[in-house]
Amino acid sequence: MRLFLDTANIDEIRDVARMGVLAGVTTNPTLMAKESGISYRDRVIEICEAVNGPVSAECTSREVEGLLEEGRGIATWHPNVIVKIPMDANGLEATSILAGEGIKINMTLIFSANQALLAALAGATYVSPFVGRLDDAGHDGMEVVRQSVAIFDRYNLPAQVLAASIRSSTHVIAAALAGSHIATLPYAVLQAMIKHPLTDTGIERFLADARKYASV
Ligand code: G3P
């Protein structure tokens with residue numbers, strides 16, 4: 001499973017890119033609103049130059065014509081830009097047209113396997129179930145990931161499942177075991193994956209022992 005960062009913060013992206021584990025980035029208007037002093041376009045281009053992989057930038061238009069115009073514009077920003085379109089009837093129509101023009105789409109705000117199937121059939125390259133928000137609403141969010149992976153596999157649909165709204169390192173393991181192609185993580189979750197208390201105490205013990213022979 002590939003790992004993306006779910007952030008518009010360039011420092012977080014550069015930090016994780018240096019570790020060699022970052023395969024892409026997803027952004028959304030909420031994440032971008034946390035950034036200041038830079039336009040969405042400029043930040044997305046900055047991110048594209050910091051990571052060698054797909055970078056999703058979200059459309060905010062609600063009508064088909066608006067989505068087409070906005071999506072075509074976003075697609076010109078950088079060769080690695082993926083146009084992110086929210087799931088609904090207009091989003092499906094825009095996705096099918098833009099995908100037909102060779103523009104890669106990440107269909108977002110997916111909350112059921114039915115929506116995931118529709119997104120894949122419309123031609124989305126990435127399909128993003130929101131695991132954490134489903135869990136918040138009392139559902140098993142990861143079940144949508146499992147079902148979507150099984151359906152895409154069963155019918156050889158080329159769309160990739162991108163597990164989003166990931167809230168914990170436990171979610172990451174569950175997404176990997178569910179066969180998700182990608183999980184997009186907040187920076188804090190990536191940091192939590194790195195840490196283990198036994199690693200910390202193990203390093204301390206090795207360093208203490210190394211000081212014993214270093215002084216001989
Ligand atoms: O980028 C979309 C998704 O990952 C948002 O997550 O935590 O706002 O539900 P969250």
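What is the relative accessible area of D200? In this predicted model, D200 is partly exposed, with a relative accessible area of 31%. Its salt-bridge partner is K195, and the closest N and O atoms of the two residues are 3.6 Å apart. K195 counts as exposed, at 53% relative accessibility.

A buried setting is found for E35 and R43. These residues form a salt bridge in which the closest N and O atoms are 2.8 Å apart. E35 and R43 are also linked with R14 and E46 in a network of salt bridges.

Helix α1 (residues 10-18) contains the buried residues I10, I13 and V16. Viewed down the helix axis, the buried residues of α1 fall within an arc of 135 degrees and therefore line one face of the helix. They pack against β1 (2-6), β2 (24-26), α3 (40-50) and α10 (187-194). D11 and R18, on the other side of α1, are exposed. The N-terminal end of the helix is capped by N9, a side-chain oxygen of which lies 3.0 Å from the backbone nitrogen of D11. Just after α1, G20 adopts a positive phi of about 80 degrees.

Note on methods
Residues are numbered from 1 along each chain as its sequence is written. This is a predicted model: local features need pLDDT of at least 70, side-chain atom pairs count only at pLDDT 80 or more; totals for chains, interfaces and linings use all residues. Side-chain values use heavy atoms; hydrogens and water are left out. Buried means under 20% relative accessible area, exposed over 50%, partly exposed in between (1.4 Å probe, protein chains only). Helices (H or I, at least four residues) and strands (E, at least two) are DSSP runs, numbered from the N terminus. The arc is that of the directions from the helix axis to the C-beta atoms. Contact means heavy atoms within 4.5 Å. A polar contact is a pair of N or O atoms within 3.5 Å; within protein, one must be able to donate a hydrogen and the other to accept it, and residues adjacent in sequence count only if both atoms are side-chain atoms. A salt bridge is a side-chain nitrogen of Lys or Arg within 4 Å of a carboxyl oxygen of Asp or Glu.
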